[in-house]
Amino acid sequence: QVQLVESGGGFVQAGGSLRLSCAASGRTSSPYSMGWFRQSPGKARVFVAAISWGGGTTSYADSVKGRFTISRDNAKNTVYLQMNSLKPEDTAVYYCVAGQNIAIIASGSWGQGTQVTVSS
């Protein structure tokens with residue numbers, strides 16, 4: 001079992017940037033992919049981005065391509081989500097997730113979430 005703690009959320013104006021972090025602890029000795037989902041009020045939780053154990057494979061939702069960048073530091077058991085050119089529609093609770101691989105990452109461990117609010 002991997003425990004995840006997100007940080008870095010907050011309030012930002014449209015066009016601004018934020019960087020989210022997610023620190024993993026527990027059973028981190030085995031390779032695992034990590035990623036981010038988000039959930040806006042009244043909407044389903046949706047995929048944002050994911051990255052493989054070695055960082056060689058990444059995947060992004062179309063809505064964030066070119067604006068968000070996912071990266072990881074395995075020495076720190078941490079994944080990051082750099083969010084640039086933020087839009088009001090990016091407002092959501094962002095959840096970190098860790099799973100066996102990118103394809104089934106949603107079936108893995110989840111963090112508690114961090115709120116991101118983008119004002120227009």
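What is the torsion about the S-S bond of Cys-22 and Cys-96, and is the disulfide left-handed or right-handed? The torsion is about -85 degrees, so the disulfide is left-handed.

Before going further, some housekeeping. This is a predicted model, in which local features need pLDDT of at least 70 and side-chain atom pairs count only at pLDDT 80 or more, while totals for chains, interfaces and linings use all residues. Residues are numbered from 1 along each chain as its sequence is written, and side-chain values use heavy atoms, with hydrogens and water left out.

Back to the disulfide, meaning a pair of cysteine sulfur atoms within 2.5 Å. A search of the whole structure finds one. The sulfur atoms of Cys-22 and Cys-96 are 2.1 Å apart. The pair links distant parts of the chain, with Cys-22 in strand β3 and Cys-96 in strand β9 (residues 92-99), 74 residues apart. Strands here are DSSP runs (E, at least two residues), numbered from the N terminus. Cys-22 is buried, at a relative accessible area of 0%, and Cys-96 is buried, at 0%. Buried means under 20% relative accessible area, exposed over 50%, and partly exposed in between, with a 1.4 Å probe and protein chains only.

Next, the sheet around β3. Strands of a sheet pair through backbone hydrogen bonds, either parallel or antiparallel. Here two strands count as paired if DSSP finds at least two bridges between them. There is an open sheet of four strands in the order β1-β3-β8-β7, with antiparallel pairing. β1 and β7 (68-73) stand at the edges with a single partner strand each, so one side of each is left without a neighbour in the sheet. On average, neighbouring strands of this sheet are turned by 20 degrees against each other, direction ignored; the axes are lines fitted to C-alpha atoms, and angles run from 0 to 180 degrees between N-to-C directions.

β3 (residues 18-26) pairs with β1 over six bridges, and Leu-4 has Ala-24 as its bridge partner in β3. β3 also pairs with β8 (residues 78-83) over six bridges, where the partner of Leu-20 is Leu-81. As for β1 (residues 2-7), Val-2, Leu-4 and Glu-6 make up its covered face, and Gln-3, Val-5 and Ser-7 its uncovered one.

Now the aromatic rings. Rings of Phe, Tyr and Trp (its six-membered ring) pair if their centres lie within 6.5 Å; planes under 30 degrees apart count as stacked, over 60 as edge-to-face and the rest as tilted. By that rule there are four aromatic pairs. In one of them, Tyr-32 and Trp-53 have ring centres 5.4 Å apart and planes at 55 degrees, so the pair is tilted. Tyr-32 is buried at 6%, while Trp-53 is partly exposed at 30%.

In another, Phe-37 and Phe-47 have ring centres 5.6 Å apart and planes at 80 degrees, so this pair is edge-to-face. Phe-37 lies in strand β4 and Phe-47 in strand β5, so the pair ties together parts ten residues apart in sequence. Phe-37 is buried at 10%, and Phe-47 is partly exposed at 26%. Phe-37, Phe-47, Tyr-95 and Trp-110 form one aromatic cluster.

Which charges sit over rings? Arg-45 lies over the face of Tyr-95, 3.7 Å from the ring centre, and Arg-72 over the face of Tyr-32, at 5.1 Å. The rule is NZ of Lys or CZ of Arg within 6 Å of the ring centre and within 35 degrees of the ring normal.
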